[in-house]
Amino acid sequence: MSLRGRVTVTDVAIGAAFIAASELEVWREDITPTALAAGTFALVGVAVAIRRAAPMLALVVGLGAFLAAVSGGVSLETPITPLLFFVLVLYSVGLREERAVLGLGVAGLLMSAVLVVSHENGDFDTTDIPFVLLVLCTPWFVGYAMRGKVRRSEELERRTERLERERVTAVADERSRIARELHDVIAHSVSVMVVQAGAAEEVLKRSPDAALEPIRAVQETGRQALVEMSRLVGLLRDAGEELGLAPQPTLDELEALVQSVSHAGLPVSLSLEGMRRPLPLAVELTAYRVVQEALTNALKHAGDAAAEVRVRYEPDALLLEVVDDGPGANGYGGGHGLAGMRERVSVFGGDVTAGPRPSGGFAVRVRLPIEAAT
């Protein structure tokens, strides 16, 4: 895995600062030949700017510029800025270059050539070798020692970004699914209203008093359809999908769902508490989908276990609980099932709590307000 980065604005700023400082040294220290010194030091500044994106290239360009400078008679004995080049570039080679050891070898060869030419110019003495080795090796070793830590940090950052993208995608997919289902609920309600209105018309012809009941049914169905329409606003539906007229699953289908999951390998028991009563179709659909998602994930992750579904009707809320006695360590395999579930429940102002149970296994608990949905 490459640890190379991109040339950032900060890198360019550091390279520009290096060029400014080196050019100032050329002028203040009267380093000659001036044009050659200014030009080669500027090239070294460019190498400093690209050190993170291309460490080996930066190393070769910078040391090649120093070699050209000393070959033309420029003395490197006085300026201090070259030390900054070695610190920054050799650190980057040790940290980010896959062929880091080769980079250190290349640095040694090119620097040896620079020192030989400098010695011929009378600017280098063998007593300076320990200092040169220190300047070359220390930044490289520090960078090389940091490779593991930086690699783990960048891998964690990439993994976090990937999980966040997956979470956002899961939520978007769930919102699209909710929109489709609510659309179908509304379409079903409207189709029922049409039938009821037709029945009311026929009854009205024979017995006006008896027509009140189907008319009230039209009114109630229309009111619920408007409520569900308000939930649909803001949720996107994929273009080109056909209008659904069939009713979506409700709590009446829970027993069949439980049996299906039990046959698939996860024994499930179902218990109903409180006074059962009809709820808005969208609420029942959401409750069904929550139980379905929880059981599906329990089937995937709970292993050799059993599960229990509890549905409790309260005056102002519908409570759902799905628990299993499996390991529960991996939860929902990354949490995307829970992300979609929370998105679905939040449409109704409800809340979801989920996590491992102290006694073992995993539990999902959902509260769906009924007053807000009716």
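1. The sheet in this predicted model is open and has five strands in the order β1-β2-β3-β5-β4, with mixed pairing. Two strands count as paired if DSSP finds at least two bridges between them. Helices (H or I, at least four residues) and strands (E, at least two) are DSSP runs, numbered from the N terminus. The edges are held by β1 (268-273) and β4 (351-356); each has a single partner strand, so one side of each is left without a neighbour in the sheet. Direction ignored, neighbouring strands are turned by 10° against each other on average.

2. On the basis of the model: it is predicted, local features need pLDDT of at least 70, side-chain atom pairs count only at pLDDT 80 or more, and totals for chains, interfaces and linings use all residues. Residues are numbered from 1 along each chain as its sequence is written, and side-chain values use heavy atoms, with hydrogens and water left out.

3. The pairing of β1 with β2 is parallel and runs over six bridges. Within it, L270 stands opposite V309 of β2.

4. Two helices lie across the sheet strands. Helix α8 lies across β1 and β2, at about 160° to β1. Helix α9 lies across β1, β2, β3 and β5, and runs at about 10° to β3. Axes here are lines fitted to C-alpha atoms, for helices over the stretch in contact, and angles run from 0 to 180 degrees between N-to-C directions. Contact means heavy atoms within 4.5 Å.

5. The largest nonpolar core has 35 residues, and L295, L318, L320, V366 and L368 have the most contacts inside it. Such a core is a set of buried Ala, Val, Leu, Ile, Met, Phe, Trp, Tyr and Cys residues joined through side-chain atoms within 4.5 Å. Buried means under 20% relative accessible area, exposed over 50%, and partly exposed in between (1.4 Å probe, protein chains only). Two or more residues each come from α8 (254-263), α9 (281-301), β2 (307-313), β3 (317-324), α10 (336-346) and β5 (362-369). The largest share, nine residues, is that of α9.

6. Which residues does L320 contact, leaving aside its neighbours within four places in sequence? They are A287, V290, V291, R310, V311, V364, R365, V366 and L368. Apart from this core lies another, of 33 residues, including V44, M56, V89 and F124.

7. Helix α5 (residues 100-120) has 21 residues and should span 30 Å at 1.5 Å a residue; its end C-alpha atoms are 30 Å apart, which agrees. The expected span is 1.5 Å times one less than the number of residues. Buried in α5 are A100, G103, A107, M111, V114, L115, V117 and S118. Seen down the axis, these buried residues fall within an arc of 160°, so they line one face of the helix. The arc is that of the directions from the helix axis to the C-beta atoms. On the other side, V101, L109 and E120 are exposed. Just after α5, G122 has a positive phi of about 85°.

8. The loop between α1 (9-28) and α2 (34-49) holds P33, which is joined to T32 by a cis peptide bond with omega of about -10°. D30 lies in this loop too. Its phi is near 55°, a positive value in a residue other than glycine. With 57% relative accessibility, D30 counts as exposed.

9. For the protein as a whole, there are ten helices and five strands. Of its 374 residues, 41% are buried.
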